[in-house]
Amino acid sequence: MLIAIAIILQAAALTADTTSTSDRQLDEVVVVSDKAEGLKRSYKGQTATIDEHLRELSHVDLVRRGSYAWEPTINGMQTERLSVTIDGMKIFYACTDKMDPVTSYVESGNLQNISLSSGLDGNPQATGNIGGSLDLRLRRVGFDRAPRRTTVSAGYEANGHLQTYGADTEFSGHNAYANFGVFYRHADDYRAGHHEKIPFSQFKKINAFGNFGFRIRQHQRIEGTLIYDRAGDVGYPALNMDVSVAEAIITSLSHHVDFPQGKVNSWETKIYYNRIRHEMDDTHRPDVAIHMDMPGRSKTAGLYSLLAVTLGLHSLRANYDLYYNRLFADMTMYPGGAAPMYMVTWPDVGTFNTGLALTDDINLSASHSFHLSAKAAWQQQRLNNEEGYKAQKVFFPRMTDSYNQTTARVALRYQWTPQHLQALRLSAGGGWGSRAPTVTEAYGYYLNNTFDRYDYMGNPHLKNESAIEATLTAKYSLPTFSVTADANAFFFSNYIIGGIENRLSPMTIGAAGVKVYGNIPRATILNASLTLSWTILPSLLWTGKLTYSLGRDDAGDTLPLVAPLGYASSLRWLYKALSLQLSMTGAARQSQYGAKYGESSTAAYTVFNLSAEYPLEFRHLSVKLRAGLENLLDRRYSTYADWNNIPQKGRNIYVSSSLVF
C-alpha cells in the first residue's frame with residue numbers, strides 16, 4: 001500500500017512544470033560533517049557524541065540519566081511535546097523509561113547536520129511539536145565529488161576510559177555514489193568531581209551504516225539508507241535498571257526529482273521502515289528485592305512526499321506524510337521462591353497517523369518577509385493486546401480498544417530589517433497547536449518514575465493538549481560585534497501531567513504512591529536568552545550567553561525540569577593553523593523548582609574547559625588533531641536536568657584525531 005501511494009504521488013510530480021530549490025527557514029543548525037556549511041561544529045569533531053552536538057543548539061537542553069542516550073528538551077519541554085525525526089523519518093523509542101531517545105540511534109560518522117525548528121514552526125514531517133522539532137540529516141557524499149575518500153578517526157577520554165573508533169569510505173561518480181562506515185564506542189564507569197566513582201555508568205555501542213544514490217535521468221535520482229545500531233551493557237546510575245541491549249534497524253528509499261525550469265522546484269518521495277528492540281535489565285545490580293525483565297518493541301513504517309514550488313513572492317512547500325507504529329512493552333517479575341508475575345505495560349498500541357503540511361516564505365521586499373507554516377493530522381490508535389486492554393479496563397470501564405484524534409498547528413513569523421539600519425533585524429511570531437496524548441500518557445500501566453518515586457497509570461480519556469505560542473527576537477549585527485535577544489512564551493490548555501490518585505496502591509517496592517495522567521486547565525512556560533559575540537582582534541573571538549526559563553501550572557507551582565538562570569562564555573584564539581579555546585559554563589542556584597512534582601534544588605556551579613585543534617596537510621593526507629581538558633578545576637556538580645541529581649563528569653582529558661585520504 002505504501003509503495004503504491006508513493007508511486008502515485010511521484011507520477012504526479014513528473015507531470016508538473018518546474019524550478020529551483022527554496023530553502024526553509026530554520027532557527028539553528030549544528031553541523032557535524034566537515035563537508036557541510038553551517039553555524040557550528042563540535043570542538044571534538046566527529047568523535048563527539050550526538051549529545052555533545054545537540055548541546056550546541058540554543059533552545060536545547062539534555063536530561064541525563066547516565067553517560068549514554070541523553071533525552072533532548074526544547075524550550076523546557078521533553079519528548080512528549082517534541083518531534084524528532086531522522087531525515088524526515090518518524091521513529092519512536094521502545095523504552096517506557098525513555099532510556100533510548102531517537103537521537104541515540106545515529107552516530108556522528110553518519111550525520112551531516114542537526115536542524116532545529118523552535119516551537120510550533122516545525123519541519124514538514126513534524127507532528128505534535130508544541131516545544132519544537134529536531135531533524136537529524138544523514139550524510140551523503142552525492143554525485144560528481146571526489147571519486148574516493150576514506151576517513152579514519154579515533155578518540156580517547158581519560159575519565160571513564162572512553163574509546164572511540166570510526167571509519168568510513170565514500171565513492172562518487174556522475175551516475176552513482178555510496179558511502180559506508182562503522183563507529184564504535186566503549187566506556188567504563190566515569191568519575192565525578194573529587195574522584196567519586198559513579199557505578200553503573202558504563203556502555204558500549206556499535207553503529208554501521210550505508211547510503212547510496214543512483215541517477216536515473218539527469219534530474220532524477222534514487223537514494224537509500226541502511227543503519228544498524230546496537231548498544232549493550234549500558235548503565236544508568238540515575239535509574240533502578242540498566243540496559244542489556246538497545247538495537248535499531250533503520251531503512252529508507254527515496255525518489256527525488258529536480259526541475260531546472262518552471263515554477264516547481266523539486267519533488268521528493270520517501271518510504272521507510274525502522275524497528276527498535278530495547279531490553280531493560282537489573283541482573284548486575286546488588287540487593288535487588290525482585291528481579292525484573294522489561295523488554296520493549298517499536299516498529300514504524302511510513303512515507304512522506306514533499307513538493308517545493310516558487311510562485312512570485314511565495315516559496316511554498318507542501319508535504320503529505322503517513323506512518324504506522326506499533327509499541328509493545330511488558331514486564332516479568334521473579335520473586336524469590338514464588339511463581340513469576342507478568343504484566344503488560346504498553347498494550348501493543350498501533351498508531352496510524354496521516355497529515356498534510358504547508359509552509360510559505362513570503363519575501364515582500366528586502367525589509368519585510370513572512371514565514372507561515374501549518375499542518376493538520378488525523379490518527380487512529382488501537383490496542384492490539386487483549387491482556388493489556390482488559391487490565392486497563394478495570395480502572396477505566398468505559399474505555400474502548402480504539403480511539404480517533406485530530407491535531408493541528410499553525411505558526412506565523414514576521415521579519416523586519418529597516419532599510420536605514422541593515423544591521424538590525426527584528427522578528428515576531430505566534431501560533432497555536434495541539435497534540436494527542438502519547439502511548440504512555442494514554443495507555444501506560446504501572447510505570448515507575450524514579451524522579452518522583454511514583455507509579456504512573458495512563459488515562460485513555462485524556463483530552464488533546466493545546467498551546468498558544470508568542471515569540472520575539474531582535475538581532476543587531478556588525479562585522480565585529482553582534483547581540484541577539486530572544487524570548488518566547490507558551491500558554492497551555494488541558495496540559496497533560498500526572499496527578500496523585502490515593503485510591504490506588506503502588507506496585508513498585510518503595511514507591512510513594514500512584515499517579516494517573518490527567519489534564520489541568522492551564523500551564524505556562526517562558527524562555528529568554530541574550531547572546532553576544534565580539535571579534536576583539538582578527539585572531540581573537542569572544543562569545544557570551546545568558547538564558548532563563550520559568551514554568552508554572554494552574555496552581556502557580558513550578559513545573560519540573562525547567563532551567564534556572566544559566567550562562568556561558570568562551571574566548572577563542574587563532575594563531576596560524578592552531579586554534580585554542582577557553583570556555584566557561586554555569587548556572588545559578590535552582591531556587592524555583594517543582595517540589596510538588598518530586599524535584600529538588602540544585603546548587604550553583606561554574607565549570608571551565610580548555611580545547612585545542614591543529615590541522616596538518618600532506619600530499620594525499622589530511623590530519624586533524626584535537627585535545628582538551630574538561631571541568632578544569634574538577635568541580636563536583638549537577639545540573640537541573642541531571643536525573644535524581646546524579647553528578648556530572650569530573651576533570652577529563654581527551655584527545656582525538658581524524659585522517660582523510
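**Exercise 1: Aromatic pairs**

Task: In this predicted model, how many aromatic pairs are there, and how are the rings of Phe370 and Tyr414 arranged?

Solution. Start with the total: the count comes to 16 aromatic pairs. Now pick out Phe370 and Tyr414, whose ring centres are 5.0 Å apart. Ring centres have to lie within 6.5 Å to pair, so 5.0 Å qualifies. Next, look at the angle. Planes under 30 degrees apart count as stacked and those over 60 as edge-to-face, with the rest called tilted. The planes here stand at 40°, so the pair is tilted.

Then find the two residues along the chain. Phe370 belongs to strand β20 (residues 368–383) and Tyr414 to strand β21 (residues 402–416). They are 44 residues apart, and the pair links distant parts of the chain.

**Exercise 2: A second pair, and how open the rings are**

Task: Is the pair of Trp573 and Tyr575 stacked or edge-to-face?

Solution. Trp573 and Tyr575 have 5.7 Å between their ring centres and 20° between their planes. This aromatic pair is stacked.

Task: Are Phe370, Tyr414, Trp573 and Tyr575 buried, partly exposed or exposed?

Solution. Keep the cut-offs in mind: buried is under 20% relative accessible area, exposed is over 50%, and partly exposed is in between. Take the residues one by one:

- Phe370 has 26%, so it is partly exposed.
- Tyr414 has 28%, so it is partly exposed too.
- Trp573, at 36%, counts as partly exposed.
- Tyr575, at 46%, also counts as partly exposed.

**Exercise 3: The neighbours of strand β27**

Task: Which strands pair with β27 (residues 513–537), and in what sense?

Solution. Go through the partners in turn. Strand β24 (residues 454–457) pairs with β27 in the parallel sense, over four bridges. In that pairing, Tyr456 has Lys515 of β27 as its bridge partner. Strand β26 (residues 481–500) runs antiparallel to β27, with 19 bridges. Here you can find Ser482 opposite Ser533 of β27.

Finally, strand β28 (residues 540–553) and β27 are antiparallel over 14 bridges. Leu537 stands opposite Leu540 in β28. These two strands form a hairpin, and two residues lie between them.

**Exercise 4: Charges over rings**

Solution. Arg65 lies over the face of Trp643, at 4.3 Å from the ring centre.

Terms used
Residues numbered from 1 in each chain as written. Predicted model: local features only at pLDDT ≥ 70, side-chain atom pairs only at ≥ 80, totals over all residues. Heavy atoms only, no water. Pairing = 2+ DSSP bridges. Phe/Tyr/Trp six-rings, centres within 6.5 Å; stacked < 30°, edge-to-face > 60°. Buried < 20%, exposed > 50% of the residue type's maximum accessible area, 1.4 Å probe, protein only. Lys NZ or Arg CZ within 6 Å of the ring centre and 35° of its normal.
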